[in-house]
Amino acid sequence: MSVRLVQLLNVDDQSRHVALVDEPSLRCLVGIGSVYELAQACLDADVGIADHARSLATGAVLSYDEVYAGTSVWGLLTPIDVPGAPSRVLVAGTGLTHLGSASQRQAMHLAGQSAQDKAPAVLTDSMRMFQWGVEGGRPANGQVGIAPEWFYKGDAAVLRAPFEALEIPSHAEDGGEEAEIAGVYLIAGDGTPYRIGMCNGNEFSDHKFERRNYLNLAGSKLRACSLGPELVVDAPFTDVHGTVRIERDGGVIWEKAIASGEENMAHSLANLEHHHFKFSGHRQPGNIHVHFYGADSLSFGAGVVLQEGDVAEVAFEGFGRALRNPIHEEEKSTVPVAVRSL
């Protein structure tokens, strides 16, 4: 069975624990305050993280129900960080990877084009890139396939813990969930990337801004996002099914079954990983990478506009408890950011 880990913070004394999920309990790892520390120790000792975590899970036993409900002194953190050094985490992702996502992206980008550009014979850039992935995103072992769409989100400052709010910034046109699985990686001292595990993710994006013009994609991705609650070591990634839903005023206003994993994607996982880590700047020793693998479906495609107080929930089978985040819409502002001279 896969090993599932959570990071915990004591709200009273600000101490930290890593705990092994053993439903309905959490078993704390002795002498380990972060998954980053655990992964570094495994690299140094040349041991697997799953076995090492099991061997250390002899500490305090906590009620997962109480932690998840927010009634414990222990609260959930994001399942990965570099304590005291948020800039050592790079958050990025790839889009147009899932077989179910292309039609929504095509419709989104057609909405911002002229009638002539919408002619059936003309494909959007999104559909061209998606088709390239279908044709060349799953190369044979030892070969390099076509590069996927890639985007940057920020450092660890953009990561939100489970139950923390995802903000729609004051300058944004929109905020929309993107239910995905994210991979977490550590770069070893020799520059080799190691996959620590995978987790539920809500990548979150400004789809209205992107819809205006595809060249706005980069800016639309510079938003908060969320991970967790659990980091799954040795997670299966062949055919993963889940559910995404939006709640408002205590009821569900939109819900959809989603699928991820390589059977449901145009690109293989190895191809996505190669095209991210082929850049030497992405192989700096000691850094952590969070990489979103792409979404299968968006509520934006169904006309849902998220608003203050909504709750987005993402849950994939085998990836532990659901990731839930409320939406916070900041007050709109047109005041420019002023830059001062030194």
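Here is a short walk through a few residues, a helix and some salt bridges of this structure. The model is predicted, so local features need pLDDT of at least 70 and side-chain atom pairs count only at pLDDT 80 or more, while totals for chains, interfaces and linings use all residues. Residues are numbered from 1 along each chain as its sequence is written, and side-chain values use heavy atoms, leaving out hydrogens and water.

Asn 325 counts as buried because its relative accessibility is 0%; buried means under 20% relative accessible area, exposed over 50%, and partly exposed in between, with a 1.4 Å probe and protein chains only. The side chain of Asn 325 reaches the backbone oxygen of Glu 164 at 2.8 Å and the backbone oxygen of Ala 161 at 3.1 Å. Asn 325 also lies 5.4 Å from Ala 312, C-alpha to C-alpha, although 13 residues separate the two in sequence.

Next comes Glu 180, in strand S10 (residues 179-187). Glu 180 is buried but has no salt bridge, and the nearest side chain of opposite charge, Lys 221, is 5.4 Å away. For a salt bridge, a side-chain nitrogen of Lys or Arg must be within 4 Å of a carboxyl oxygen of Asp or Glu. The side chain of Glu 180 does reach the backbone nitrogen of Gly 294, at 2.8 Å.

Now turn to helix H5 (residues 125-136), where the end C-alpha atoms are 16 Å apart, in agreement with the 16 Å that its 12 residues should span at 1.5 Å a residue; the expected span is 1.5 Å times one less than the number of residues. Ser 126, Met 127, Phe 130 and Gly 133 are buried in H5. Seen down the axis of H5, the buried residues fall within an arc of 115°, so they line one face of the helix.

Finally, look at the salt bridges, of which the whole structure holds 19. One of them joins the side chains of Asp 65 and Arg 321 at 2.8 Å, N to O. This pair links distant parts of the chain, 256 residues apart: Asp 65 is in helix H3 (residues 64-69), and Arg 321 is in the loop between strand S17 (311-316) and S18. Asp 65 is partly exposed, at 44% relative accessible area, whereas Arg 321 is buried, at 15%.

Conventions
Helix = DSSP H or I, 4+ residues; strand = E, 2+ residues; numbered from the N terminus. Lys, Arg positive; Asp, Glu negative; His and termini not counted. Polar contact = N/O pair within 3.5 Å; in protein donor to acceptor, adjacent residues only side chain to side chain. Arc of directions from axis to C-beta.
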